[in-house]
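Here is a friendly walk through the structure shown below. We begin at an annotated site and then turn to the contact between two chains.

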Amino acid sequence: MEPLTIILLGSQGSGKGTQAKLLTDALKAKAGDMSVFSFESGAHFRTLMSGENYTAELVRKKLEKGDMLPDFFPIWMWTDAFMKNLDHGEHIILDGFPRTVTQAKVLNDTFAFYERTHVYVIDLEISPAEAEKRLIARGRADDTPEGIQKRLAWYETQVKPVIEFYKEHDDVCKFVQINGEQAVEDVHRDIVKALNLE
Amino acid sequence: MDLQTLIFLGPSGSGKGTQVARVREYLGSHDTSRNIVELVMGDLFRVFWKKEGYAHDLSRDINLAGGLQPSFLQINMWSNFMLEHIRGNEHLLIDGSPRRTTDLEAMESAFEFYKRPHPTLVFINISKEESVKRLLRRAEMAENPRPEDGDILLIDNRYQWFLESVMPVIDAMRKNDMFTVIEINGEQEVDAVTEDVFNGLGWQH
């Protein structure tokens, strides 16, 4: 089996995290002795931010204002994780990035370096209305109406261009759109099908 | 003196390192209130290549072929460096980065984030013939840490990616209001080059 590289994209509330977990399990069951490297930027980020230093302080200020982080920062986090974890031949599942076109370009460059040939970009499509409904239902502390609107608007201006970028570079990464408004197991079934893992 | 953010780019053998040393010396003697932080991409890579690992092996192979390193490695290395060394009130000298336009885009985000005022590019230009001549001469020096200097094919490759990848970075910086770009003729005596660099930066000397 060829090692797969899978990027999960979608707005907040699209179920990326859930699908990443299901997919990791499915790959592990299928992979035999191949390992699965699954990277979720949020968890990595929280560990890094628990430290006391000048950069962490600046990042905290940005987050308090609800601003986006500078491109170099997420790139630094995932390249660091890649360099520490990647060897030959493991499956890779990425969830939560790239979030800008610059990040997507750097990521393509990274895959070329690591000679990753089977790269899939899976866009979990849900409507803005559905995303809003799900975020309200989730009821996390930062899921205030204003916070939700800001994040959905940010998705439109930042992540939509990333999706366009992948559509245009379909030769490097295979781009697949999945209806994210289905039941969890149906979304998973569609992803498994798109990856030929049945 | 204003807080300085100076980037030095030029083909291999253009004398960047020498000029960076002189700039550092000038800053050290004219502004004793601030520290100077020096980010030398080549040095960071040489440390990286000494370590073991998959990425390290692949990167070492690229270097042995005279190739250009991927942007993610460059961004990772200078990010590590900035996270460790930037405290907000030090002069920053960058030697040998950015080398790809994606690398530049990421670096712009870092300059905004760290609120670095008016980054300036000092572009020290030399011709291909001059680059070849100087690198072959450098290869004969006893304490040269760069074994790749003596190989004419590798010198060729390095000049080629300078034209194909670094020149577009320099052009992008010229078009971007964030940066001031100073181009210096590197094919002069070392002192004359320094004279032009200081004049370009508007420094009294």
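## A loop with an annotated residue

Let's start with S14(A), which sits in the loop that joins strand 1 (4–9) to helix 1 (16–31) of chain A. Please keep in mind that this is a predicted model. S14(A) counts as buried because it has 23 C-beta neighbours inside 10 Å, and 20 or more are needed for that label. Leaving aside residues up to four places away in sequence, S14(A) touches L124(A), I126(A), A131(A) and G180(A).

An unreviewed UniProt entry lists S14(A) under "binding site", along with G13(A), G15(A), K16(A), G17(A), T18(A), R138(A) and Q182(A). Of these, Q182(A) is found in the loop between strand 5 (174–179) and helix 8 (184–194) of chain A. With 15 other C-beta atoms within 10 Å, Q182(A) is partly exposed.

## Where the chains meet

The contact draws 20 residues from chain A and 22 residues from chain B. On the chain B side, helix 3 (54–64), helix 4 (71–85) and helix 5 (101–113) each give two or more residues. Helix 5 of chain B supplies the largest share, eight residues. Sorted by class, this side of chain B has twelve nonpolar, seven polar and three charged residues.

## A closer look at helix 5 of chain B

Helix 5 of chain B has 13 residues and spans 18 Å from first C-alpha to last, close to the 18 Å expected. Eleven of its 13 residues are buried, so helix 5 of chain B is largely enclosed by the rest of the structure. Among the buried ones are L104(B), M107(B) and F111(B).

What covers them? The cover for the buried residues of helix 5 of chain B includes helix 3 (54–64), helix 4 (72–85) and helix 5 (101–113) of chain A, as well as strand 1 (5–9), helix 4 and helix 7 (152–175) of chain B.

Terms used: Residues numbered from 1 in each chain as written. Chains lettered and ligands numbered in written order. Predicted model: local features only at pLDDT ≥ 70, side-chain atom pairs only at ≥ 80, totals over all residues. Contact = placed C-beta atoms within 7 Å. Helix = DSSP H or I, 4+ residues; strand = E, 2+ residues; numbered from the N terminus. Nonpolar A, V, L, I, M, F, W, Y, C, P; charged D, E, K, R; others polar. Expected span 1.5 Å × (residues − 1). Buried ≥ 20, exposed ≤ 12 C-beta atoms within 10 Å, placed from the backbone. UniProt positions renumbered as here; feature names shortened; annotations may be inferred.
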